[in-house]
Amino acid sequence: MANVVIMPRQGQSVESCIITTWQKQKGDKVAIGDVLFSYETDKSAFDETAQVEGTMLAIFAAEGDVVPCLDPVCVIGEEGEDISALIPAGGNSEEAAPTEEAAPAEEAAPAAEAVVTAPAAGDRVFISPRAKLLALKTGCDLSKVAPTGPHGRIIERDVNKALDAGFTTTTDKIEAFLAGQLIVEEVKEEAAPAPVAAAPAADDLRAYTEEPFSNVRKVIAKSMHASLSEMAQLTLNSSFDATALLEYRNKIKAAGEVMGMGKITINDMVLYAVSRVLPNYPEINANVVDNTFRKFKHANVGMAVDTDRGLLVPVIFGAEKLTLAELAAKTKEAAGKAREGKLSPDEMSGGSFTVSNLGSMGVESFTPVINPPQTAILGVCCTTNRVKADGSVYPAMGLSLTFDHRAVDGAPAAKFLKELCTALENFELLLAK
């Protein structure tokens, strides 16, 4: 019996996912546990594995396609099995292609034969993201391209065939074509195709490369732009005497393993102090949604994690209920999942406050940007030596609190920062509470 594989829903807020790589192609044998395809949400990457064995009978989306959650992606069954009833509306199993490079058997004809006359004005044009990017880079005349992808879509191999046949034009005409203003122009057959990627001369001091924003970077850009354009952000800078904090950290390093404790970092200790102070300030432990306060009953603290995919913010839920050792274990697990791209969207939503630590990089002061819809974010800076009135030197650690002045006034924000500094200066007493 044939089985339809649907696009999973990775979190309540996720509506669609992007297919990045097909590991199986039409006609391939599939065993239980085999990776069928890889896909990503706004911030995480996943592999979809087979739950049944059989043969890949049909694929309904190409690499780079955005597929709504719970929509059919492919069909696994027995060879020769009738799957006509399982094909989504507007497509058939013969049209489906596993990747943009996988051409059907009948495409052994010369490339020039694949090029047809321009479509009639007003016709809708469907093109995959990869094909569009290649056309814009190479100057391919899309009005001369014969689409062979699923559901009449222009895909990457179609663009390459048009280039092989010498059909090129200007970028503005490509953009006009995509906008629906179909421009037909005679192109000389002897025109040489533009190279896909021209290598710059070794001594070209102006040489550069271009690459589109990743999906994660697009989400970060959108969120940060919305944060700065929609909020009245203000940053307060302060510092505290980190002598006691650093001494306690040294105690943990010296005896923690003997006591059965895992590694505990300065960042873990700051998160611990934040989780204890935050519930005292409901407007700071909050989100603003449609001019409404959403005040959290628990300290759901987000921690900014730098990854190869971009900045991710996993949330430690109910942090005020955790011991220091439990909190440290949670942060290690969350940071590991973030760097491996295994965080689910639900693990990155619902935060009430965020901590961003740049202290390990030697940053003495900075202005963190609030993670919407939260009302504040704490920046943790490095320690610098300062001199007291009596001439003694102490390690001062900087803290930068950015808050949304629409929701939080300056005085409560300053009180929160002061109480946090006091808690960190007396960390062992904080543990005893």
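This is a predicted model: local features need pLDDT of at least 70, side-chain atom pairs count only at pLDDT 80 or more; totals for chains, interfaces and linings use all residues.

Me: Which residue does Glu 347 form a salt bridge with?
Reply: The partner of Glu 347 is Lys 337, and their closest N and O atoms are 2.6 Å apart. Glu 347 lies in the loop between helix 7 (324-339) and strand 16 (353-357), whereas Lys 337 is in helix 7; the two are 10 residues apart.

Me: And what is the relative accessibility of Lys 337?
Reply: The value for Lys 337 is 24%, so Lys 337 counts as partly exposed.

Me: Why would such side chains pair at all?
Reply: Side chains of opposite charge can pair when their charged atoms come close.

Me: How many salt bridges does the structure hold?
Reply: There are 9 salt bridges in the structure. One of them joins Glu 428 to Lys 251, with the closest N and O atoms 3.4 Å apart. This pair links distant parts of the chain: Glu 428 belongs to helix 9 (residues 427-432) and Lys 251 to helix 5 (residues 243-255), 177 residues apart.

Me: What are the relative accessible areas of Glu 428 and Lys 251?
Reply: Glu 428 has 43% and is partly exposed. Lys 251 has 48% and is also partly exposed.

Me: A change of topic: what does Arg 406 meet in a salt bridge?
Reply: The side chain of Arg 406 meets that of Asp 404, at 2.7 Å from N to O.

Me: Is Asp 404 buried or exposed?
Reply: Asp 404 counts as buried, because its relative accessibility is 1% and buried means under 20%.

How values were computed. Residues are numbered from 1 along each chain as its sequence is written. Side-chain values use heavy atoms; hydrogens and water are left out. A salt bridge is a side-chain nitrogen of Lys or Arg within 4 Å of a carboxyl oxygen of Asp or Glu. Helices (H or I, at least four residues) and strands (E, at least two) are DSSP runs, numbered from the N terminus. Buried means under 20% relative accessible area, exposed over 50%, partly exposed in between (1.4 Å probe, protein chains only).
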